[in-house]
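Welcome, and please open your viewer.

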Amino acid sequence: MAGCCGCCSAMKPRYKRLVDNIFPVNPQDGLVKSNMEKLTFYALSSPEKLDRIGDYMAQKLIRSLARRRLGVVFIAMEALDQLLVACHAQTINLFVESFLKMVQKLLECDEPDLQCLATASFIKFANIEEDTPSYHRRYDFFVSKFSSMCHNGLSNKDDRRRVRTSGLRGLQGVVRKTVSDDLQVNIWDSMHMDKIVPSLLYNMHDPSFGTVDPESPKDEDHPSYVAETVFRDLICRASYGNIKPLLKPILMHFDNHSLWVPNNFAVKIFTIIMFSVQPQYGHLVIQSIMSHLDTHAKSDSNIKISIVEVLYETVLIAAGGSVGPSVLEVFNTLLRHLRISVDSPGSDNSPTERRFQESVINTIGEFANNLPDYQKIEIMMFVMSKMPQSTEEDMEGGQMDVQLQTTLLKTLLKVATKYKTVLMSNAFPSELLRPLLRMSLASDPGMRLIVQDILHTLIDRHNNTAKLTTVRIPKDISQLGLTVDKCSRQDIMFMKRVGTSFYAHLYENMEKESNRLENYKALYCTMALISIEMGEEDILVELLRLALDIQDLAVSSQHLTVAYRCAIHAMVAAYLNLISQLTSIPALYQCTAQVIETRQEEATHLLPEFAFKEFDITDSMEYPSLDNLDPSYLFEQSAISEALDSSGYDISKLNTPFSEKVDFMDIDITFPQLERSSSTSSCSSLESLFTMERQTLSDEITFDSLKKMLAEDSHDHKEEARKRMEILNVFKKAPFEEIVARSEAKSNLFHNKLNEILDNISTGTDSPDSGIRVNGRDPVPVFQMQFPDLFVY
């Protein structure tokens, strides 16, 4: 019988004999290395036999596995690993199929040792770079099996740990093997990502093995550490088109397992993502989180707070271009959620809704921080465009609008804190300044206070705001530590152009009966910052005129309480003390100090120490009467004029009461109405312009007259609307020939009138249209007149 067996063995093909010889008689002796070397040499010299060697070894492994001869199984896998590493022939694909078949058989076993053995062999295979691609090889089974191993629940903790670790490393091997080869299976498909990503997150969050101490040495076999390593590797390999398919199962995992509240784990995961993803793809992560926030628009506020906080943390880590190409879309989405929160019932009294709103505002601020300065201004204008515009009467009845406006103003303030002002004209474009000043006159004192804070942030370039928040009268302003720099010419021109509007709104703010102490402090700070940042001579004179008018308001006002009037007197004293020392005019400082000294001796209730004490400002019982104040308690215009005149200042503006000055910003807003007039009245418009010029020279324009003119515009608007409808109907219904004839007639009439006016100007005749009679004197030709800048285009 022995001879027969030997004869049969000798009749086997050589490759089978070489394979048989690597197995010892006793499996515990391990692989026969000398015979393994012969088998390797034969495989290298005859690569066409590799597929047969693989098939034969697979048969032996399956047979041994069925007979539970595990020692032979381990030897067979060791031999396969060595052959796989040594051989790189073009026919190795056929050998790999046999190898993967054996790995699959081992993974299907329930023994942890065999599963770990198969995983180790697969990882070695994954690290091999093949010379030729394989178009038909699939890894669906391995993705599913390794993912299930990651969720292993064996009762033995050590076995459970080994199996989970093997599953995690097996997934890493699958990713490495497939992600670099476009001809392989697309591992980024949702069917694979939906298995891989939750498996990694489950092990990173599973507390059954305890948490990894960040200060202790890394345990490379801890499932949490291995899962994090694999997760980082997966994120690093993701390209532009694969970011969103990778993030979707992450977000769904947090939803399905209620991991948003608390959000510590979510913050950790997205921190890892932002540090691992390629920097140019960071904005895709942010967009995915924002899209996911849209799906939770009606969810519990705590979930939305957590998502926004995660978004905030990702923005902190992101690079400057993280917002992506659609900047306004990002802010529009956040502002939409902010409005939904404000409009939700009971949001005003809900702490969670307020937390959510604060989180959104902080996130918007961080977004803006990553933008260049010019885009920050655009974002502020964009936020202002979302502001519900309503009259003061509407504000009083619309609490919801007040809440929304307050929230948007806080958002605007947050963005403003990220902006660094260089030139005032850049920081205050008209599209931002006009609505901002309009909001400064809102009926709600809290809103007015936020607007002043925004102005402080944008005006202050030297961090002086914190030093001016308290209204006080230091004998030497050097104690305040203010930083004063020379004002640029551009800022001077800007302030000359819009300064009157600033002053008008500051003055009207003083008149508000709903003011609080904080409002007066903020107004004082605004005036002081304007003096410091743009303290040119003419501007300082106008600010002094404003302070004197505010003092007159406190003296003559009948609707303000005594407490308010005392606060205004104290604020004016503090401001004049500051500005007198900034100008370094001894005479001005002397007359200011004299009034302050008199108040300290006889009228302390007109000083900040008394007027800004922390008690109920609406209680007037503790305040002395302000009727018939002694003139020595007040700052006299004549004394200030004399002091300025002695130092060479132009005091003409100081002698003009502020209430009679024209608000040029209101005029800029009103004048476009002339441009909207109908083309059918071209000649009448020209005549009305000359009529308006005559009235400008003969009539005195006052602030009250402008307000009256604006109040009377409603009738004109209705008339204009009626004329527009007539023109519209003509163009809709009239024949084309009739429209052309009308246009030619009106054009000829206009040209004739214009030629007549030009002829009168050139000849200098004394016709009624050739000149304008001023104060009863002879007519002055139009071409010799000095028109105000307002009428020069």
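Start by selecting Phe 254, which counts as buried because its relative accessibility is 0%. Keep in mind throughout that this is a predicted model.

Turn the view until both rings show: Phe 254 and Phe 265 make an edge-to-face aromatic pair, with 5.8 Å centre to centre and 90° between the planes. Colour the two helices next. Phe 254 belongs to H12 (residues 243-256) and Phe 265 to H13 (residues 264-276), so this pair ties together parts that are eleven residues apart in sequence. In total, the structure holds 17 aromatic pairs.

For the next stop, select Phe 99, Phe 122, Phe 125, Tyr 139, Phe 141, Phe 142 and Phe 146 together; they form one aromatic cluster. Stay with Phe 125 and bring in Lys 177, which lies over the face of that ring at 4.4 Å from the ring centre. Then jump to Phe 23, where Lys 60 lies over the ring face, at 5.0 Å from the centre.

The last stop is helix H26, residues 537-556. How far does H26 reach from its first C-alpha to its last? The span of this 20-residue helix is 29 Å, close to the 28 Å expected at 1.5 Å a residue. Show the surface, and you will find H26 mostly covered, with 15 of its 20 residues buried. Finally, zoom in on the start of H26: there a side-chain oxygen of Glu 536 comes to within 3.0 Å of the backbone nitrogen of Asp 538.

Note on methods:
Residues are numbered from 1 along each chain as its sequence is written. This is a predicted model: local features need pLDDT of at least 70, side-chain atom pairs count only at pLDDT 80 or more; totals for chains, interfaces and linings use all residues. Side-chain values use heavy atoms; hydrogens and water are left out. Rings of Phe, Tyr and Trp (its six-membered ring) pair if their centres lie within 6.5 Å; planes under 30 degrees apart count as stacked, over 60 as edge-to-face and the rest as tilted. Helices (H or I, at least four residues) and strands (E, at least two) are DSSP runs, numbered from the N terminus. Buried means under 20% relative accessible area, exposed over 50%, partly exposed in between (1.4 Å probe, protein chains only). A charge sits over a ring if NZ of Lys or CZ of Arg is within 6 Å of the ring centre and within 35 degrees of the ring normal. The expected span of a helix is 1.5 Å times one less than its number of residues. A polar contact is a pair of N or O atoms within 3.5 Å; within protein, one must be able to donate a hydrogen and the other to accept it, and residues adjacent in sequence count only if both atoms are side-chain atoms.
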